[in-house]
Every structure is written in structure tokens, then in C-alpha cells.
Amino acid sequence: MNMNQNTNAMYPGKVALYHGPDKAVELLPMNWPAPQESQALVRITHCAICRSDVHTMCGRRHVQTPSVLGHEIIGHLIAVGTSFSNTDLSGQTLNLGDRVTWAIYAHCGDCAFCRDGLPQKCVQLFKYGHEAVSDTGEGSSGGMASYIMLKSGTPILKLSDDISDHSATPINCAVATAAAMIRESDCKLNALSVLVVMGGGYAGLSAVALAKKQGCGKVLVFETNAELHKRCLEFGADAVFVPGDQAAIECLNKWTHQRGVDLVLELAGSTDAAQLGLDQLRTGGCLILAGTVFPSPPLRMDPDQIVRRCLTIKGSHNYRPEDLITATGFMCDTQDKLPWGQLVGGVFSLEDCNEAIQFAKDHPGQRAILQMC
């Protein structure tokens with residue numbers, strides 16, 4: 001990689017400023033400076049609007065304003081600082097022009113959380129698409145923009161040409177989150193395993209397909225939107241039901257001989273979904289919660305039952321860098337085997353970001369993608 005770059009160069013583009021729930025996003029011109037030291041400048045090509053972005057835009061999830069939203073991003077490496085490493089997360093050599101993804105955070109690598117395997121909770125954590133910026137957009141760190149400056153401590157991964165742009169864009173959030181949940185469960189998935197996934201959105205479908213690829217015997221999905229049931233089956237689910245359907249309980253009882261399920265992954269963002277999942281666990285079963293990323297009503301949990309049934313309940317928020325590697329490899333392996341393209345509901349320009357936001361609000365089962373060029 002050529003490190004001898006013009007450190008005084010400027011990169012003109014546009015940035016979409018978010019001012020708060022139900023307010024129009026403001027598109028402004030902005031110049032990005034050349035990266036310094038270990039920074040890297042990426043020209044954004046695609047940014048998906050994640051469901052958590054929608055929670056923010058609807059006021060269910062708070063962020064400081066103004067800000068630049070969007071964290072499911074890919075782009076091309078166009079400039080780096082003088083001390084930037086030319087090796088990516090998996091050991092591949094990075095070159096200018098490479099198409100890359102990266103973790104949704106930068107971390108220090110030295111604090112107690114980083115040392116304890118929780119870099120996503122670093123004491124110096126910086127989250128892309130979540131930080132406040134100036135009124136003119138300086139400090140932009142979100143995907144609704146022409147460029148993004150990656151900070152030191154950001155795990156970067158070069159993308160295989162075998163992965164399409166649209167499939168690659170949500171890898172660093174939805175797919176990596178699903179990979180983290182399965183890893184964190186410590187559940188040895190095999191032909192006898194029974195898994196319940198709460199929610200048939202992008203992350204839920206990724207969890208279904210990942211579990212099946214790892215050898216899980218049976219997967220049942222609870223999804224409130226019956227129009228999304230067909231695609232759950234296409235991603236590998238053995239059955240899909242709306243919550244409250246007694247046939248689902250009968251199905252699980254048949255599969256498990258009434259012992260209960262091994263693992264429940266909650267990705268619906270609903271306390272009711274989490275409660276339903278908790279109620280289906282077998283003795284020794286595990287519930288992983290990841291969908292409720294905003295204040296929610298409490299779960300009803302009898303400590304006596306948790307103790308006597310040896311239940312495990314874990315929260316999973318974001319992921320480790322290794323999960324991004326798993327997610328990217330999984331997407332590469334399944335790119336032509338699963339209907340990933342069906343999950344993209346609409347493609348918009350940055351100039352049409354408000355239209356894209358409205359589409360994302362109105363179509364919870366589909367990703368709206370901003371395509372910058």
C-alpha cells in the first residue's frame with residue numbers, strides 16, 4: 001500500500017444530518033480531510049438502514065443530535081494515515097481501492113473489557129453511526145454520507161468479490177450479531193438440537209441459516225407478519241408460526257418429546273417474544289436476548305425456576321471481531337445458495353435518504369439500501 005499520500009488533500013461530498021425523531025434528514029455538502037496516523041478514509045458505496053436505525057428515527061431509541069446515522073456500511077479504501085496497518089482482521093493484505101467492511105465500533109484493545117473479550121463494551125468505545133456531530137456535519141461517522149473516517153482500533157475486513165454489494169452491506173451488523181448469539185450460547189448444535197428464533201427479520205433469518213449450516217436439527221421461527229413466513233422457510237426454518245398459535249407449541253412438543261427446546265434466540269425486539277421463548281426452554285436450555293435494544297417492559301422470571309431448571313439467560317449486544325469473520329465467511333459460502341437478494345426492499349440515492357427512511361419505517365421485513373454511486 002502506498003503510504004506516501006497528500007496529507008493536506010480534501011475529499012468533497014455530502015452528509016445527511018439527523019436532527020431527531022420524525023424530523024427530515026438534512027443533506028449538506030462537506031469536505032473530509034485526509035486521514036492521519038492510523039486512520040483510514042473509506043468512500044462509502046452502500047449503507048443499509050438497520051432496524052435499530054428505525055427505532056432511533058421513531059423515537060424508541062435515543063441518540064445525541066445532530067448525528068449521522070447508518071452503521072451497516074461498505075465502501076472502498078481510498079486513503080490511509082502514515083501508521084495505518086496494511087493487514088486486515090483475517091490477515092489479508094489491504095490495498096487502496098479494496099472493498100471493505102468493518103466492525104460497527106472502534107476499541108482500545110487494552111482496557112478491562114477489551115481484555116475480557118468484550119471489545120464492544122470498551123471504556124473508550126466509539127460506535128459508527130451513533131455519535132454526535134457538529135451542525136455542519138464535521139465529525140461524521142455514519143453511513144449516510146459520501147465518506148467515513150475509520151478510527152484506530154477499528155477491525156477492518158477485506159470483502160471477497162464473491163459477495164454482492166447488497167449482501168455485503170448488512171454483514172457487519174445483522175449477520176455478525178446472529179453469529180455472536182450462536183457463539184455466546186455455547187450450544188453444541190447437532191442433528192438432535194431444537195432452536196427457536198424469535199423474529200424473521202434480517203438478523204433472524206441469518207441466525208436460522210447459520211444454525212442450519214452448523215448442523216442444527218430443527219429450527220422454528222415465530223414471526224408476527226405472516227407475509228414473511230415463506231422466506232423463513234427458504235432460509236432453512238423447518239416451521240414458522242405467528243406467536244400465540246397453539247400449533248407451534250404442539251410442533252415443539254412433538255420435536256422435543258415435550259422436554260422443551262435447547263436454545264432460543266430473541267431478535268424480535270419484544271418482551272412478549274422473549275417471554276414466549278423463555279417459556280419454551282428445556283431444563284438446561286439457553287435464552288439469548290439481542291433484539292430489545294431500547295427500554296422495554298420487564299420479563300417475568302421466577303428465580304426458583306431458573307435455579308431448578310438450570311437455565312441460562314444472556315444478553316448479546318453487538319459482537320466480537322471474530323464474529324465479523326464468521327459472518328463474512330458464511331455470506332461468501334451461502335451467497336448463491338440462499339435468497340439474500342429478496343431481503344432488499346428498495347435501493348435509494350443519498351439525495352433520496354428521507355424517502356429511504358420512510359420506506360424502512362413502512363417495510364420492517366426489508367432493508368432499504370442507500371447506494372452512493
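This is a predicted model: local features need pLDDT of at least 70, side-chain atom pairs count only at pLDDT 80 or more; totals for chains, interfaces and linings use all residues.
Visitor: How many helices and strands does the protein chain have, and what makes a stretch count as one?

Guide: There are 11 helices and 17 strands in the protein chain. Residues are numbered from 1 along each chain as its sequence is written, and side-chain values use heavy atoms, leaving out hydrogens and water.

Visitor: How do you know whether the radius of gyration agrees with that of a compact globule?

Guide: The globule rule is 2.2 Å times the number of residues to the power 0.38, and the radius is taken over C-alpha atoms. For 373 residues that gives a value near 21 Å; the protein chain has 21 Å, so the two agree.

Visitor: What share of the residues count as buried?

Guide: Of the 373 residues, 55% count as buried, which means under 20% relative accessible area (1.4 Å probe, protein chains only).

Visitor: Which residues of helix α11 are buried, and why do they lie on the same side?

Guide: In α11 (residues 353–362) the buried ones are Cys-353, Ala-356, Ile-357, Phe-359 and Ala-360. They share a side because they cover an arc of only 160° around the axis, taken from the directions from the helix axis to the C-beta atoms. Their cover includes β1 (10–17), α1 (51–57), β16 (344–348) and β17 (367–371).

Visitor: What makes a space a cavity or a pocket?

Guide: On a 1 Å grid over the protein atoms alone, a 1.4 Å probe fits in a cavity but cannot get out, whereas a pocket is an open set with protein on both sides within 12 Å along at least five of seven lines. Lining residues have an atom within 4 Å of a point. A volume is the space filled by probe spheres set on the points, which are joined across faces, edges and corners.

Visitor: How many cavities of 30 Å³ or more are there, and what lines the largest?

Guide: There is one. The largest cavity holds about 40 Å³, and its lining includes Arg-51 and Ala-360.

Visitor: What is the volume of the largest pocket, and which residues are closest to its centre?

Guide: The largest pocket has about 830 Å³. Of its 40 lining residues, Arg-51, His-55, Leu-267, Ala-268 and Gly-269 are the closest to its centre.

Note on methods. Buried means under 20% relative accessible area, exposed over 50%, partly exposed in between (1.4 Å probe, protein chains only). Helices (H or I, at least four residues) and strands (E, at least two) are DSSP runs, numbered from the N terminus. Contact means heavy atoms within 4.5 Å.
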